[in-house]
Amino acid sequence: MADLKLADVAKAYGAVEVLRNINLEIAAGELIVFVGPSGCGKSTLLRMIAGLEQITGGTLEIGGQVMNDVPPAQRGIAMVFQSYALYPHMTVRDNMSFSLQLAGKSKEEINRAVDEAARKLQLTDYLDRLPKALSGGQRQRVAIGRAIVRDPKVYLFDEPLSNLDAALRVATRIEIAQLKASMPGSTMIYVTHDQVEAMTLADRIVVLAGGGIAQVGAPLELYERPANTFVAQFIGSPAMNLFEAEISATGPETRLRLETGTEIAAAVPSPESLAGAKVQFGIRPEDLVIAENGAMPFIEFRTDIVEKLGDTTVLYSRDPSQNDGQMIAKQPGIVNAEPGSVLQMTASPQKIHVFHKGTSLLYL
Ligand code: ADP
Ligand code: MG
């Protein structure tokens with residue numbers, strides 16, 4: 001069990017800076033998820049923590065000890081990769097025992113650790129099989145078992161579910177959540193590009209973008225109060241709609257005017273100095289609702305595509321004058337709409353996210 005501290009951590013390959021100003025404290029026992037688009041540096045950051053990649057700036061501490069120059073084997077970490085990297089000619093038991101044998105542990109000690117890990121991962125019945133006789137999900141559980149038997153201070157996972165098909169991914173994700181719950185003292189860092197994995201597994205999510213941290217917070221904090229338009233559109237599916245507007249009235253509540261002249265209220269306070277300021281505001285597809293009898297619509301939603309999924313209906317409007325040419329509304333249940341339907345839509349003032357235009361930062 002250990003905490004981690006990253007202070008101004010940076011990574012450059014020659015003149016190319018991939019990561020900079022990474023400041024992050026991870027508490028012992030926390031499950032932190034690094035999420036972000038492909039190529040944003042998630043694996044690089046994880047590999048620097050593991051010691052597989054040199055840190056070119058700043059310091060990394062694990063359990064209060066500076067680790068920048070400590071070799072991987074002495075960092076008290078275990079890493080699980082996307083490719084399971086099991087030894088094909090060894091049984092599950094031997095795959096899980098191997099690192100302990102190398103470390104010179106006794107046979108009893110090894111068997112105890114392997115049996116305990118196998119029980120946690122529901123692999124007890126498969127200990128004598130070879131990897132080729134296992135499903136993808138079981139193979140990944142063996143890879144996780146190999147990490148568990150070493151009783152590391154910190155677990156690092158790099159997209160461990162990416163090679164599994166959709167159903168197995170969901171099942172294995174739930175198993176990882178249960179595994180974490182059974183090991184409350186273990187610190188875990190989990191890398192994924194899948195925001196559902198991030199939302200469901202994390203105590204806190206670190207959103208990486210453009211070589212830095214876009215936001216750190218609990219999953220619902222990121223959903224409810226994204227700090228910038230990047231996080232606003234990265235967390236939540238389909239992505240948040242963004243509109244260009246101008247502040248037409250300031251005060252404890254802010255009024256926003258679209259180019260069409262329509263106004264909408266946002267339950268965020270704004271100082272007088274922002275009167276007339278150009279802003280962007282966001283409404284999540286699930287918060288764009290059909291205006292019931294009498295409620296003031298804020299937008300005429302011209303439906304182009306209707307997806308009836310049973311539990312929800314997703315409506316797409318290809319309106320070049322709005323939201324970069326596409327607006328999305330997600331309604332519960334089955335909505336009686338067809339391509340060509342025009343719906344009067346509105347949103348509650350509590351569900352409007354206002355961002356500074358230019359910096360894209362949220363107004364507080
Ligand atoms: P992610 O895991 O988020 O998809 P990576 O951490 O693998 O991203 O990569 C981050 C960036 O670093 C990418 O732009 C990649 O091209 C670059 N990169 C990774 N390894 C090297 C390397 N050995 N030399 C130069 N650039 C690299
Ligand atoms: Mg990666």
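A polar contact here is a pair of N or O atoms within 3.5 Å; within protein, one atom must be able to donate a hydrogen and the other to accept it, and residues adjacent in sequence count only if both atoms are side-chain atoms.

This is a predicted model, in which local features need pLDDT of at least 70 and side-chain atom pairs count only at pLDDT 80 or more, while totals for chains, interfaces and linings use all residues. Residues are numbered from 1 along each chain as its sequence is written, chains are lettered from A and ligands numbered from 1 in the order in which they are written, and side-chain values use heavy atoms, with hydrogens and water left out.

**View 1. Thr192 and its neighbours.**
Thr192 belongs to strand β8, residues 187–192. Helices (H or I, at least four residues) and strands (E, at least two) are DSSP runs, numbered from the N terminus. The side chain of Thr192 makes a polar contact of 3.0 Å with the side chain of Glu197. A polar atom of the Thr192 side chain also lies 2.8 Å from the backbone nitrogen of Asp194. Thr192 counts as buried because its relative accessible area is 1%; buried means under 20%, exposed over 50%, and partly exposed in between, with a 1.4 Å probe and protein chains only. Leaving out residues up to four places away in sequence, Thr192 touches Val33, Phe34, Val35, Gly36, Lys42, Glu159, Glu197 and Ala198. Such a contact means heavy atoms within 4.5 Å.

**View 2. The nonpolar cores.**
A nonpolar core is a set of buried Ala, Val, Leu, Ile, Met, Phe, Trp, Tyr and Cys residues joined through side-chain atoms within 4.5 Å. The largest one has 42 residues, and Val33, Met96, Ile144, Tyr190 and Val207 have the most contacts inside it. Helix α4 (residues 136–148) gives the most to this core, with five residues. Apart from it lies another core, of 29 residues, with Leu4, Leu60, Ile62 and Val206 among them. Beyond four places in sequence, Val33 touches Tyr190, Thr192, Ala198, Leu201, Ala202, Arg204, Ile205 and Val206.

**View 3. Helix α2 and its cover.**
Helix α2 runs over residues 92–102, and its buried residues are Val92, Asn95, Met96, Ser97 and Leu100. The cover over these residues includes α3 (107–120) and α4. Just after α2, Gly104 takes a positive phi of about 75°.

Around ligand 1 stand Tyr13, Val18, Pro37, Ser38, Gly39, Cys40, Gly41, Lys42, Ser43 and Thr44; a residue is listed if one of its heavy atoms lies within 4 Å of the ligand. Helix α1 (residues 42–50) supplies the largest share of this shell, three residues. By class, the shell has four nonpolar, five polar and one charged residues. Ala, Val, Leu, Ile, Met, Phe, Trp, Tyr, Cys and Pro count as nonpolar, Asp, Glu, Lys and Arg as charged, and the others, Gly among them, as polar. A polar backbone atom of Gly39 is 2.7 Å from an oxygen atom of ligand 1, and a polar backbone atom of Cys40 is 3.2 Å from an oxygen atom of ligand 1. From the side chain of Ser43, a polar atom lies 2.9 Å from an oxygen atom of the ligand. Taken alone, ligand 1 exposes 570 Å², and the protein buries 54% of that. Accessible areas come from the Shrake-Rupley method with a 1.4 Å probe; for residues, only the protein chains shown count as cover.

Most residues other than glycine have a negative phi, and most peptide bonds are trans. Ala85, in the loop between β6 (77–80) and α2, has a positive phi near 55°. Asp151, in the loop between α4 and β7 (154–158), has a positive phi near 50°. Asp151 counts as exposed because its relative accessibility is 62%. Ser237 and Pro238 are joined by a cis peptide bond, with omega about -5°. Pro238 sits in the loop between α8 (229–234) and β11 (241–249).

**View 4. Gly210 in its loop.**
Gly210 lies between β9 (204–209) and β10 (212–217). Its relative accessibility is 65%, so Gly210 counts as exposed. From C-alpha to C-alpha, Gly210 and Asp69 are 26 Å apart in space, and they are 141 residues apart in sequence.
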